[in-house]
Amino acid sequence: MTNTGTNLLWYKSPAATWNEALPLGNGRLGAMVFGDPADDRYSLNEDTLWAGVPSYRSNPAAYAAYKRAQELIMAGKPQEAQRVVEEGIAEKPSQPYLTPGDLHLHMVHTEEITGFTRALDLSTGIHTVQYDCGGTRFTRTSFISHPHDVLVIRLTASKPAALRFTFNLTPALRAESELGIGFASLSGHAPVLDWPYGVGQGSPEAYMRYGDTPEKTGMGWYMEARVLTEGGKTDRDGSAVSVRDADVATIYLDIRTSFNGWNKHPVLEGKPYIEPCRDNLRRAASVPYRDISNYAASDFSSLYNRVSLDLGGGDEKLLPTDVRLYNHENGKEDLALYALYFNFGRYLTIAGSRPGTQPTNLQGIWNNLITPPWGCNMTVNINTEMNYWPTLMVNLPECNEPLIRMITELAESGRRTAKEYYHAPGTCAHHNTDLWRMSNPTGNHTHGCAGYSFWPMSLGWFARHIFEHYEYTMDADYLKNTAYPYLYSVAEFFNSQLTEDTDGTLMICPSTSPENAYEIDGTAIAVAKTTAMTQSIVKDVFGLVIKTEHILGLSSSLREDIERKLPALKPLGIGSDGELLEWDQNFDEHEIHHRHISHLYGLHPAREITWEQTPELAAACKRSLERRGDESTGWAMGWRINQWARLGDGDHALSLLDTQLRTVEGRNPNPVRRSHEITGEMNYTADGGTYLNLFDAHPPFQIDGNFGAAAGIAEMLLQTTPEGELKILPALPSAWKNGKVTGLRARGGILVDIEWHDGKPTSVKTTSIAP
């Protein structure tokens, strides 16, 4: 591999923690590689290994509670309305994403290890460990092949018969193990998380249940690793497979589950998984290593090489990645580090989201815990959306397929929720979902849950993703058969929920601004008449339906109704300090520096607010960002980067990126600021940043910050106006004086290459790829 400073993560020491290990993936399988020369660990995942079974939380009393809350909020009693919402509507939480366990690899070395390096080539998805021991050079190459759908670990040495090692599988779940000559396997069933009503999210492990009947039994899973050697002997050594005196050894690993669809019971209606896993391993092992390696690298590179970014830089870009992070944190220039971080976001998209797989969750597809933070679920009030912000911009439309499929499945689930909870046509979902496409509100009847649980707007936010997939691909069949039915159904729900306020304007009432609250007499309250985000999403969805029908040459009665109501929607307000009002009134903010900036939805990701068309609202958004502040969680800083880029302020966007790139839990010998010390998995702080493996730190790890920053960098370089005009270098930071980007995709199905010098474009090339 060639170290260009923008395509390679490399280190001179093995990972000390999971957040220093390096990720491999093919969308379905995931592995975190620690890279220890003597005792390596591969933390493993399969994207359908979740707790639980399909379950709809029926709540016949929800609609009455909803209407009662509406009456109370209109009567000026928000606290009482919130209490009704939390006691009468909030249901049980989603199910968590799991890990089956780890593969451990122990090398038999009796002499000192020197010359160690570990590296991840972002352009090929290949991880390499190299070191010397006893006069022999050892190399360990790992990758997860998308064409052959397996994890491959190749061990070689510079001298014959030098490989001596053992490997074993260690389960994280209740499992049965089998060990044979040259193979090891684990099999079991996932638990079901059953939280009692009224219990918070502090100790979910206490409520994990392994079923005692087929109906109560969770996902079946099977994991197997087998080794092929050239020379030497393979045997069993206690609980591990042993290899002695081999010239070359190759380990193949696969994981399969009984998952057969979001609405099918994994046991009663599950698909076979043990024999398919074994069959796949046999097929992969029959392919010559050179071929399986080349196929994997070629497949990965074909996606990765579509885009390139060059911001310049000197020899500092050749240093180990952790050293570069420390140097950057301490004020040393490293322009190529921004390109590396951008490329890492693209890498994670390719590794974590492929056609036919599940969409990326809070941690992508990488998780080492049974009870991970926030269940490692799909939080759809910002985080899942942010995961896919860069996907189309960096020309990876096929990697958007898992999101589009999940959205349409969630819409199918949401029809029942809309009907039962709101007595409404169409479809809706709330702030959180999982493998089983849960669409009802969560919260578990706990005090304070309304701020996150009572938010039936997520499918409205996803409407923008649904339509933008068309805008970037110009796929007319998709627009007609997938996008339009979805948009219509979401608009139908919103239209049915509009309520007239005392001033004659229309709003969805009651409403919340995700996870935030205002204050009345010192009391934090989440439920209001309506909010800026709610109204912005409704306006956006109505506009998308009208636009779609215009493109398709359709004219429905729904369109006529929403065209009539659009001018009557309650407008966005501007507060006493010039800020965009988050709620329908100029309330005092409970937490002025809150991580969420939901009320700015109209600026980004929507395009309702621009300097050109709505300058007063754009100025209000800017003031809101100034008041909210830059210091936040890692992913929230990624969110803010995009907002400042939309406002055309590249220097402010870069300042946020610099802050996001500061190390968390690092070993910086001369830190500018003390890294936050995490005391528990669910502990989080506004002191966000980046782990040494470039994972975003809330903390803890949340992958949406990586994707948000990558999208923000793309937004700095290229935007499209609502009228369809390209904006070249709309928010270029002054520090990025010279550079080149190729392969960005713009709305309208256009590829764009840009070169610039002294901050001005010197070459712009556009290529239409629309069908």
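The following dialogue examines a predicted model through questions and answers.

Trainee: What average pLDDT does the chain have?

Mentor: The structure is a predicted model, and pLDDT is the predictor's confidence in each residue. Of the residues, 96% score at least 70. The average pLDDT of the chain is 94.

Trainee: Which residues of helix H2 are buried?

Mentor: Helix H2 spans residues 78–88. Its buried residues are covered by elements including helix H1 (62–74), helix H10 (450–453), strand E24 (518–520) and strand E25 (523–525). An α-helix has 3.6 residues a turn, so residues three or four places apart point the same way. The buried residues of H2 are Pro78, Ala81, Gln82, Val85, Glu86 and Gly88.

Trainee: How many disulfides does the structure hold?

Mentor: A disulfide is a covalent bond between the sulfur atoms of two cysteines. For Cys376, the closest cysteine sulfur is in Cys399, 19 Å away, which is too far for a bond. Cys428 is in no disulfide either, as the nearest cysteine sulfur, that of Cys509, is 16 Å away. The number of disulfides in the structure is 0.

Trainee: Is Cys428 buried or exposed?

Mentor: The cut-off for a buried residue is a relative accessible area under 20%. Cys428 has a relative accessible area of 1%. Cys428 is therefore buried.

Trainee: Why does Glu91 have no salt bridge?

Mentor: Glu91 is found in the loop between H2 and strand E5 (101–107), and Glu91 is buried. Among the residues that Glu91 touches are Arg57, Tyr197, Tyr421 and His445. A salt bridge requires a side-chain nitrogen of Lys or Arg within 4 Å of a carboxyl oxygen of Asp or Glu. The nearest side chain of opposite charge to Glu91 is Arg57, at 4.9 Å.

Trainee: What relative accessible area does Gln363 have?

Mentor: Gln363 lies in the loop between helix H6 (335–352) and strand E20 (378–379). Beyond four places in sequence, Gln363 touches Trp18, Pro373, Cys376, Phe701 and Ile703. Gln363 is buried, because its relative accessible area is 5%.

Trainee: What distance separates the C-alpha atoms of Gln363 and Gly375?

Mentor: Gln363 and Gly375 are 12 residues apart along the chain. Their C-alpha atoms are separated by 9.9 Å.

Notes. Residues are numbered from 1 along each chain as its sequence is written. This is a predicted model: local features need pLDDT of at least 70, side-chain atom pairs count only at pLDDT 80 or more; totals for chains, interfaces and linings use all residues. Side-chain values use heavy atoms; hydrogens and water are left out. Buried means under 20% relative accessible area, exposed over 50%, partly exposed in between (1.4 Å probe, protein chains only). Helices (H or I, at least four residues) and strands (E, at least two) are DSSP runs, numbered from the N terminus. Contact means heavy atoms within 4.5 Å. pLDDT is the predictor's confidence in each residue, from 0 to 100. A disulfide is a pair of cysteine sulfur atoms within 2.5 Å. Lys and Arg count as positive and Asp and Glu as negative; His and the chain ends are not counted.
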